[in-house]
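Morning, everyone. I'll take you through one model in a few minutes. Please have a look at it first.

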Amino acid sequence: MLIKLMSSKSSNTLRQYFPFFSNSRLERCVYLDSAATSQKLQTVVDITQQYYQERTVNVHRSSHHLAANVTEQFEQSRKHIQHFIGAKSHKEIIWTKGATESINLVASGLAKSVFKAGDSILISAMEHHANIVPWQQIAQTLNLQLQVMPIDINGVLKLEESLQMITFSTALVAIGHVSNALGNINPIETIIAKAKEVGALTLIDGTQAVSHLTVNVQQLDCDFYVFSGHKMFGPTGIGVLYGKYDLLEQLPPYQLGGEMIKQVSFAHTTFQAPPLKFEAGTPNIVGVLGIGVASEFIQQHRNELLVLENNLYKQLLDTLSVIPQVRLWGDIVNSICVQSFTVQGVSHYDLAVLLDKRNIAVRVGHHCAMPLMQTLGIDGTIRVSLAAYNNSADINSFGQALTECINLLTESATQIKTVATSFDSNQIKRSLTPIAELIKQAKSWDQTYRQLMLAGKSLVRLKDQYKTETSAVHGCESQVWIRCFINEGSIVLEGDSPSKIVRGLLAVVFEALSGKTAHQVLMFNLADYLKTLHLGKHLSQSRGNGLSAVVDKIIEYCQLQSTNSI
Ligand code: PMP
């Protein structure tokens, strides 16, 4: 799809349908993270509430009229999805709990019925983990080859080379319609056509596509198409697997029990025909009702959505292009309204923390596409993902906040007014230490983060030879390494990170713990301590706030030391 330059200004006529934006109890949040999950339609909220308050019954089981009504509506949703993606029959629509489960269902079924040793499975270098790992694991088990279609230095699929990789030994091509990390629209029509020529099956991961592009699976002629409800204004925990009916008939069931069973005795069981064959157990009824409503909304407003998104995306590109340190990733022509970028000399984690303080919600890191980041040679990006409910003001706020944050993160140390923060790590401190004191005295968030970044300068940087898998701390959106060891009975801590804020946080933690015995560290309530410095947020379990993983690693080390010394 070519992003056309639209003349009209972006408006927010669709915003009214999303209660998130009119909830006065919420602090105004500039929500630019719709690729992670979209905001929900009021009609989706209504149907959910109505089901739980007025119509709670099971489907496909009881014969009373309430159950019959809801079952009818449940099946009506299947028809909505059939029309939404242009499937031939509603029997080709299977409810799953999301795109991940849809892919796993197909992978497990093909592994049992279609793949044979020597076959190859072709994916692309920009796939979401959900469209890599199921194939990788099956390839390892069945001795298949997993091949990867290449991308160029910006993250755009190299089409010619990719097409050459589709050969008579290709059993399946599994590729995203749109990259979640970069927003690229992949040329799936050409890829599907080539796969047909050699008799390979095709699975298209449409998770990031269906709310932005009109999809017609019959025209595409793909064998499987998968997506999730929560990225298309619908509920979480519901997804779709589309499959050509004859293929669905060939696949064995995925899970067993419930309405997928036709007849059972202790000796033998027969199964329902698709789609019920793949829907074991009580389904996510509200999820199904909600995704049906969401798909109808998108179909009704498709043109409006497209115009709004194109305008917003253009404004976003204009905003980013004027910042000299910004490097854009992905295809900016064939793209949905999602843009990934990095900022020279600035850690994506630091930017996200500071943007969050300005109420700007973006996602940073690898976006569940670690192999893509490895291929591009970066450790993550900042991703702005828009939807038609965003408006020009959102992008203006983002642009202004981004400039402020970059300035804050790149200003030189001499500009930061502060007191010296050196500390003697061998000294056990009984009162608040200089770093902690300075952070406590900070009058604003910006000052707190300035002090943190300065504190990070007192951290002795870990030599590269120590940045290994053993010292790596996983669970944070930034890379972090720490080393713990005991010297003359006291703990010594060393660490590093490309993030200035994480280095500052490490300095704070190390200042509090250095010089203590392992036993004293275990007795020390670090969480409470950080809360007194208003840094407790960084201990949240969310991946973006990964200090808790650092603390866990230190505690684990001290527990081991304490056990060994008993
Ligand atoms: N594929 C893509 C392209 C995605 O963006 C996502 C979600 N980020 C998934 C698969 C997995 O979707 P879910 O978590 O809803 O199963």
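Start with Ser-120. Leaving out residues up to four places away in sequence, Ser-120 touches Gln-145, Gln-147, Ser-169, Thr-170, Ala-171 and Leu-172. Contact here means heavy atoms within 4.5 Å. Ser-120 sits in strand β3, residues 120–124. Its relative accessible area is 3%, so Ser-120 is buried. Buried means under 20% relative accessible area, with a 1.4 Å probe and protein chains only. Strands are DSSP runs of E, at least two residues, and helices are runs of H or I, at least four, numbered from the N terminus.

A word on the source. This is a predicted model: local features need pLDDT of at least 70, side-chain atom pairs count only at pLDDT 80 or more, and totals for chains, interfaces and linings use all residues. Numbering runs from 1 along each chain as its sequence is written, and side-chain values use heavy atoms, leaving out hydrogens and water.

Now the ligand. Residues surrounding the ligand include Gly-98, His-128, Asn-180 and Lys-231. A polar side-chain atom of Asp-205 is 2.5 Å from a ligand nitrogen. For Thr-207, a polar side-chain atom lies 3.5 Å from a nitrogen of the ligand. At Ala-99, a polar backbone atom is 3.4 Å from a ligand oxygen.

Last, helix α14, residues 434–441. Which of its residues are buried? Ile-435, Ala-436, Leu-438 and Ile-439. Down the axis of α14, the buried residues fall within an arc of 160 degrees, so they line one face. That arc is taken from the directions from the helix axis to the C-beta atoms. These buried residues pack against α15 (445–457), α16 (500–513) and α18 (526–532).

Notes. A residue is near a molecule or strand if one of its heavy atoms lies within 4 Å of it. A polar contact is a pair of N or O atoms within 3.5 Å; within protein, one must be able to donate a hydrogen and the other to accept it, and residues adjacent in sequence count only if both atoms are side-chain atoms. Buried means under 20% relative accessible area, exposed over 50%, partly exposed in between (1.4 Å probe, protein chains only).
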